[in-house]
Amino acid sequence: MKKYLILTFVIVILGVFGTRIWLGSNATIYNTSTAIQELAKWVENPDETIIEIIDDELYIQEAIGSTGSTLKYPLELKGNFRLTFQLLSLTQKSSLKFILQKDNNKYEVEIGITPQTSSVKLSKNSLSLIEKNGIVIQPNKYYTVSLENNNNELSFYINETDILKMNISAQAFELKISMHGLPSSPAAFKIRDFEVCVF
């Protein structure tokens with residue numbers, strides 16, 4: 001009888017630990033830093049983009065006369081996630097645009113970059129919803145840019161400062177990151193430490 005009690009106790013303990021391990025392993029689907037070589041493959045319009053890999057940085061510049069350079073995340077995003085990367089602008093005036101699209105829904109968050117001022121614009125299906133001042137992003141300086149979805153509330157951060165929050169639908173969507181400059185001064189950026197965490 002005593003042996004059975006000990007055996008039952010051991011089985012219960014193993015079951016509890018097993019459940020904790022299973023839950024822990026499934027809480028994070030993946031957490032990975034994207035290699036720069038892989039990130040370079042995300043360029044959607046390589047014929048209109050100048051790309052160079054320098055150590056752990058991706059240099060990306062739109063060609064003169066182009067409509068901008070775009071990185072397309074290769075997977076659909078759904079559920080809770082955090083996407084983070086470090087960005088350095090090499091141009092005085094440019095814009096960084098996040099495009100989230102699925103079927104007929106298209107959200108665009110555009111961050112204007114100048115040495116003196118910065119703006120943040122949110123639109124849905126080309127209809128402007130929000131426009132406000134943002135954080136000034138100086139050229140030739142790295143900033144941490146984050147995009148986080150928590151229970152269908154999407155938040156944008158620059159250097160951990162919240163610049164915009166918006167509610168989105170629960171459906172999966174594709175993500176594009178687009179960069180634009182001026183006709184006489186094409187946008188040029190460096191990107192490093194690109195990481196996606198899904199939880």
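Residues are numbered from 1 along each chain as its sequence is written, and side-chain values use heavy atoms, with hydrogens and water left out. Because the model is predicted, local features need pLDDT of at least 70 and side-chain atom pairs count only at pLDDT 80 or more, while totals for chains, interfaces and linings use all residues.

A search of the whole structure gives six aromatic pairs, a pair being two rings of Phe, Tyr or Trp (its six-membered ring) with centres within 6.5 Å, classed as stacked if the planes are under 30 degrees apart, edge-to-face if over 60 and tilted for the rest. Trp 42 and Tyr 73 form an edge-to-face pair, since their ring centres are 5.2 Å apart and their planes stand at 85°. Trp 42 belongs to the loop between helix H2 (36-40) and strand E2 (49-54), and Tyr 73 to the loop between strand E4 (69-72) and strand E5 (81-89), so this pair ties together parts that are 31 residues apart in sequence. Helices (H or I, at least four residues) and strands (E, at least two) are DSSP runs numbered from the N terminus. Trp 42 and Tyr 73 are both buried, where buried means under 20% relative accessible area, exposed over 50% and partly exposed in between (1.4 Å probe, protein chains only).

Phe 85 and Phe 194 make a stacked aromatic pair, with 5.3 Å from centre to centre and 10° between the planes. Phe 85 is in strand E5 and Phe 194 in strand E14 (residues 188-198), so that the pair links distant parts of the chain, 109 residues apart. Phe 85 and Phe 194 are both buried. One aromatic cluster comprises Trp 42, Tyr 73, Phe 85, Phe 98, Phe 156 and Phe 194.

Two cavities of 30 Å³ or more are present in the structure. A cavity is a set of points, on a 1 Å grid over the protein atoms alone, where a 1.4 Å probe fits but cannot get out, and its lining residues have an atom within 4 Å of a point. Grid points are joined across faces, edges and corners, and a volume is the space filled by probe spheres set on the points. The largest cavity holds about 60 Å³ of space. Its lining consists of Leu 100, Gln 101, Lys 102, Asn 105, Tyr 107, Ile 168, Ser 169, Gln 171 and Phe 173. Strand E6 (94-102) and strand E7 (105-113) each contribute at least two residues to the lining of the largest cavity, and E6 provides the largest share, three residues. By class, this lining has four nonpolar, four polar and one charged residues, with Ala, Val, Leu, Ile, Met, Phe, Trp, Tyr, Cys and Pro counted as nonpolar, Asp, Glu, Lys and Arg as charged, and the others, Gly among them, as polar.

The second largest cavity has a volume of about 30 Å³. Residues lining the second largest cavity include Leu 77, Phe 81, Asn 149, Asn 152 and Ala 170. Ile 168, Ser 169, Gln 171 and Phe 173 line the largest cavity and also the second largest cavity. The lining of the second largest cavity has five nonpolar, five polar and one charged residues.

Ser 89, in strand E5, counts as buried at 1% relative accessibility. A polar atom of the Ser 89 side chain lies 3.0 Å from the backbone oxygen of Thr 91. Gln 61, in strand E3 (residues 57-62), is buried with a relative accessible area of 19%. The side chains of Gln 61 and Tyr 59 make a polar contact at 2.4 Å, a polar contact being a pair of N or O atoms within 3.5 Å in which, within protein, one must be able to donate a hydrogen and the other to accept it, and residues adjacent in sequence count only if both atoms are side-chain atoms.

Most residues other than glycine have a negative phi. Asn 125 has a positive phi near 50°; this residue is in the loop between strand E8 (118-124) and strand E9 (127-133) and is partly exposed at 39% relative accessibility. Asn 140 also has a positive phi, of about 60°. Asn 140 is located in the loop between E9 and strand E10 (142-150) and is exposed, with a relative accessible area of 55%.

Notes. 1 Å grid on protein atoms, 1.4 Å probe; cavity = no way out; pocket = protein on both sides within 12 Å on 5 of 7 lines; lining within 4 Å.
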